[in-house]
Amino acid sequence: MYRFLLSRQWVILTLVALLLIPTMIRLGIWQMHRYDERSARNQLVSDALSAKAVPVESLSAPGHAVTSAERYHPVTATGRFDTGREVVVRRRTNADDEVGFLVLTPFVLDDGKVLLVNRGWIPANAPTQTAFPKVPAPPEGEVTVTGRLMPDETTEASGIKDLKGLPDRQIMLINSAQEAERLGERVLGGYIAQTAPEPSGDTPELVGKPGMENAALNYAYALQWWLFAAGVPVGWIVLMRRELRDRREKAEQGTAERAEPAAVRA
């Protein structure tokens, strides 16, 4: 009665089921890896944001590559803003997805080193694409700033092309090595996203806190894939039993039809 399992249709169906089960299991494992990665990142962000601010030079130095454990860590620095060598970063959005610029201002520390400070977002308010936008001035004289330490931006990590031939004092990526070459100064690795002091008039618009990734969604997807994997053999058995039942019913019906003429003749 189970000979139908050797038919072409059922052999193909069985092979597909056998292929789907490990594939779905692997997809579930991959989603769990993504869950672990996102959970770890969220923990790093949470730990960094809740940490006590430390002097920036305790975490960074010229040529230093900011690590994932140092990213977002609050830091402080005392010095003065060098607005004469300020640049803007093109094609950046604010919290409302409006396109404008980030204001990147060199901050000269007391020991002469330079810290790059992302002072926040401004709208594209220049009369032309090539003109330098109107940038609100930072506090004058010596000031202490606080911000979140950030790694250098690269095309590989951000997906932003580092275009050449841009208008004067406009850049695409915040990169301390490139800025050190432009400024001819000892520039600390990475940069900070300023959080204090808050600008007068709420402009530039300070960069908001980094958002948390939805790790729970990956966990749910993993369970979903594993439930699908468990459902494949169950579905195969249900189909097989239905096929077996239909074949038995047809066989019984055929036996009854053959027996009926014999009963009439008798």
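Here are a few notes on the predicted model above, from the overall outline down to one residue.

1. Ground rules. As the model is predicted, local features need pLDDT of at least 70 and side-chain atom pairs count only at pLDDT 80 or more, while totals for chains, interfaces and linings use all residues. Residues are numbered from 1 along each chain as its sequence is written, and side-chain values use heavy atoms, with hydrogens and water left out.

2. Outline. The order from the N terminus is α-β-β-β-β-β-β-α-β-α-β-α, with helices (H or I, at least four residues) and strands (E, at least two) taken as DSSP runs numbered from the N terminus. The radius of gyration (over C-alpha atoms) is 33 Å, well over the 18 Å from the globule rule (2.2 Å times the number of residues to the power 0.38) for 266 residues, so the protein is more spread out than a compact globule. The C-alpha trace spans about 120 × 40 × 35 Å along its principal axes.

3. Strand 6. Of the eight residues in strand 6 (143–150), six are buried, meaning under 20% relative accessible area with a 1.4 Å probe, protein chains only. Gly-79 partners Val-143, and Thr-146 stands opposite Ala-196.

4. Thr-195. This strand 8 residue is partly exposed at 27% relative accessible area, between the 20% and 50% limits. Beyond neighbours within four places in sequence, Thr-195 contacts Thr-146, Gly-147, Arg-148 and Leu-206 (heavy atoms within 4.5 Å).

Terms used: Pairing = 2+ DSSP bridges.
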